[in-house]
Amino acid sequence: MPHLFYEVNAKVYRKKVSEENYFSYVHLLFIAKCVDIALSSCTDVAYTQMVYPNFLDQKSREVIEYSSEYLLISVLHNLLQGECNPDLRLLGCSVLAPQCEKDQAIKPCRHVCENLKKNCLPAFDAIDMAWPYFLDCDRFFAGEEEGCFDPLAKLRGEVDAEEDLPSDLPATFIQFKHHSYTQMVSTLKKTASKCSHIATTYSIGRSFEGKDLFVIEFSTKPGHHELLKPEFKYIGNMHGNEVVGKELLIYLAQYLCSEYLLGNPRIQTLINNTRIHLLPSLNPDGYELAAEEGAGYNGWVIGRQTAQNLDLNRNFPDLTSEAYRRAGIRGARLDHIPIPQSYWWGKSDFISRTEVDRLRIGMKIMVQVAPETKAVMKWLRSIPFVLSASLHGGELVVTYPYDYSRHPMEEKMFSPTPDEKVFKMLAKAYADAHPVISDRSELRCGGNFVKRGGIINGAEWYSFTGGMADFNYLHTNCFEVTVEVGCEKFPLEEELFTIWHENKGALLNYMEMVHRGIKGIVSDKFGNPIKNARISVRGIQHDVTTAADGDYWRLLPPGTFIISAQAPGYSRVMKRVTIPARMKQAGRVDFVLRPAEAWPNKLLRRSMEDSYDPYDPLELFDPHAQHRQPEARGGSSPGREKPWWWSYFSSLDLHKPLWLLKQR
């Protein structure tokens, strides 16, 4: 076997290669020439120049574009229904359009290929497709010691990072600017590193175009739920062109970190007693499109939706209609309503179709649930959130559920939840602490809501279905309001400093509301915590449930309430509780439940059993795109000569990708 000698960064390496690969290497080393990338499926890679011939010895753009390899990376996102997208395409581009520097091709890193193959191979198996030969991690990829590059670095915000700032800046310095995706990621990571004892970053999943949905968390024990410590979240940039919320949360993260280090008692108390999650951008793909228009463009459409052209605030399950249906049923609860199967699969008639058609049609319907939406739903199930707010733009007002009218034909109809008093208290906490929203002038942004105190029931403003706030309230324990933080969706940078100071106090004040009401632990007589016990308030047709450690939080306004706790197999326990008007911390109310001899009523038993459908696509969903495609109900596809996806390659005549067919 011949040896190949090559030089990287002034170091000479020797590598054993096969004769076939030897001549391929030599061909690249001595004939290759850097040219601008002109392949439409590879224009968003993190580099600008490629080389001909590529690693497959394809010598021109035309040869590449008519190849089965190029066609595959162009349609993979459809074949895999968004799985591993765009990671696989970018990885394929690194082979078909290899990065070129100084007329030399640079190989992509082997460890990147191996990690992606490990995560994405199940998606190929699910559609009966073999792993592509040109993504052979040993053949076309290199080790880091050979000077490889990471073709997926851009997705993790490791390219085009924030510019370096002077080292002598004060600890409280915040740069009031618009942050690109990579700058946002860099800022969040730097902030978490600066306050590593109280902060960490994590991703709840990936956008359709593969960007991580980054969260920065603040807590005395980052990454862990602590007993009786409530969980709070802010979400920004749900609509990509409404950018103020995104910037506010980036500034807020820096502020919380620096003020905690400086000993600010208010911030230290807040972080020491609360687990705070900030998700600045839920729609980074839409933001990227809006940013192309630039600041000052007060657009109402461009960038609002995701890369799939979906409005995330219309993409959640409609549980509000089910809540209205249940409202008239005695004993029915308006909480923890399961996601209906129609949301995942639609109402298509599958009976007369073949199993193959069932799978393909079912998957097409499922793909209309945005990966960003599924990531949030998965997030809500993994953490027992108590309070939340979603930051939007285009007005100056705080709205609260329900957002969907009691009568679907009524576009503006007051439609309160059972917790109307709680939601008004929460909404006013933000509005009253905002100097402009609380301004009594009607000749300003948001002036239409002055007589309402700067708050309004969502459906009374305008009705829509599939909203995130209604879903939070009806599927989980979390109470969420929507804050419209300004009439300009994408303001100029010079306005951001003022906007931050107008919202800073309100952002803090609203977070502190997570400590209103009561909290406690539900356990048995031996002190063992009881998970999923129900905490009920007499007169309010909406319960909360205990977390895994038996702890709970119930937001309530001042007043006297009859509180009860109950769980399957235990007798109900009731307590009378008074919450003083000036009480700023949640009162501690624990419950010890004793075994019951028999169930008091069948309806209660049904409502407290597993609230999730036994076939639940969300349970199978990995928000980081490392999961199998769901199988159609009724069994697997029958045997066939060629897989259903083979028709995608029918135009290739003699160059069909037989290497994609699995060996039987």
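This is a predicted model: local features need pLDDT of at least 70, side-chain atom pairs count only at pLDDT 80 or more; totals for chains, interfaces and linings use all residues.
Is Y570 buried, exposed or partly exposed? Y570 has a relative accessible area of 23%. Buried means under 20% and exposed means over 50%, so Y570 counts as partly exposed.

Y570 is found in the loop that lies between strand 19 and strand 20. Setting aside its neighbours within four places in sequence, Y570 is in contact with D524, I530, L593, R594, P595 and A596. Take R594 from that list: it is 24 residues away from Y570 in sequence, yet the two C-alpha atoms are 5.4 Å apart in space.

## The sheet around that loop

Now look at the pairs one at a time. Strand 19, residues 559–566, pairs with strand 20 in the antiparallel sense over 7 bridges. Within this pair, A565 stands opposite V573 of strand 20. Here is a handy rule for tracing side chains: in a regular strand they alternate between the two faces of the sheet.

I535 has V544 in strand 17 as its bridge partner. The hairpin made by these strands has 2 residues between them, and in it G539 takes a positive phi near 95°.

## Two pairs of packed helices

Two packed helices are described by the angle between their axes and the distance between the axes. For helix 13 (residues 371–382) and helix 16 (residues 468–475), the angle is about 30° and the axes are 12 Å apart. These two helices are therefore roughly parallel to each other, and helix 13 passes helix 16 in a right-handed crossing. On the side of helix 13, the contact is made by V376, M377, L380 and R381, while helix 16 brings M468, F471, N472 and H475. These contact residues divide into 5 nonpolar, 2 polar and 1 charged.

Helix 14 (residues 420–432) and helix 17 (residues 496–512) pack at about 155°, with axes 7 Å apart. That angle makes helix 14 roughly antiparallel to helix 17. The crossing of helix 14 past helix 17 is right-handed. Here L426, A429 and Y430 of helix 14 meet N503, A506, L507, N509 and Y510 of helix 17. Among the residues of this contact, 6 are nonpolar, 2 are polar and none is charged.

## Stepping back to the whole chain

How many helices and strands does the chain have? Its secondary structure comes to 19 helices and 22 strands. The chain has 664 residues, and 56% of them count as buried.

Finally, consider contacts between residues at least 6 apart in sequence: 73% of these join residues at least 24 apart.

Terms used: Residues are numbered from 1 along each chain as its sequence is written. Side-chain values use heavy atoms; hydrogens and water are left out. Two strands pair if DSSP finds at least two bridges between them. Helices (H or I, at least four residues) and strands (E, at least two) are DSSP runs, numbered from the N terminus. Axes are lines fitted to C-alpha atoms, for helices over the stretch in contact, and angles run from 0 to 180 degrees between N-to-C directions. Angles under 35 degrees count as roughly parallel, over 145 as roughly antiparallel, 65 to 115 as roughly perpendicular and the rest as oblique. A crossing is left-handed if the near helix is turned anticlockwise from the far one by less than a right angle, and right-handed if clockwise. Contact means heavy atoms within 4.5 Å. Ala, Val, Leu, Ile, Met, Phe, Trp, Tyr, Cys and Pro count as nonpolar, Asp, Glu, Lys and Arg as charged, and the others, Gly among them, as polar. Buried means under 20% relative accessible area, exposed over 50%, partly exposed in between (1.4 Å probe, protein chains only).
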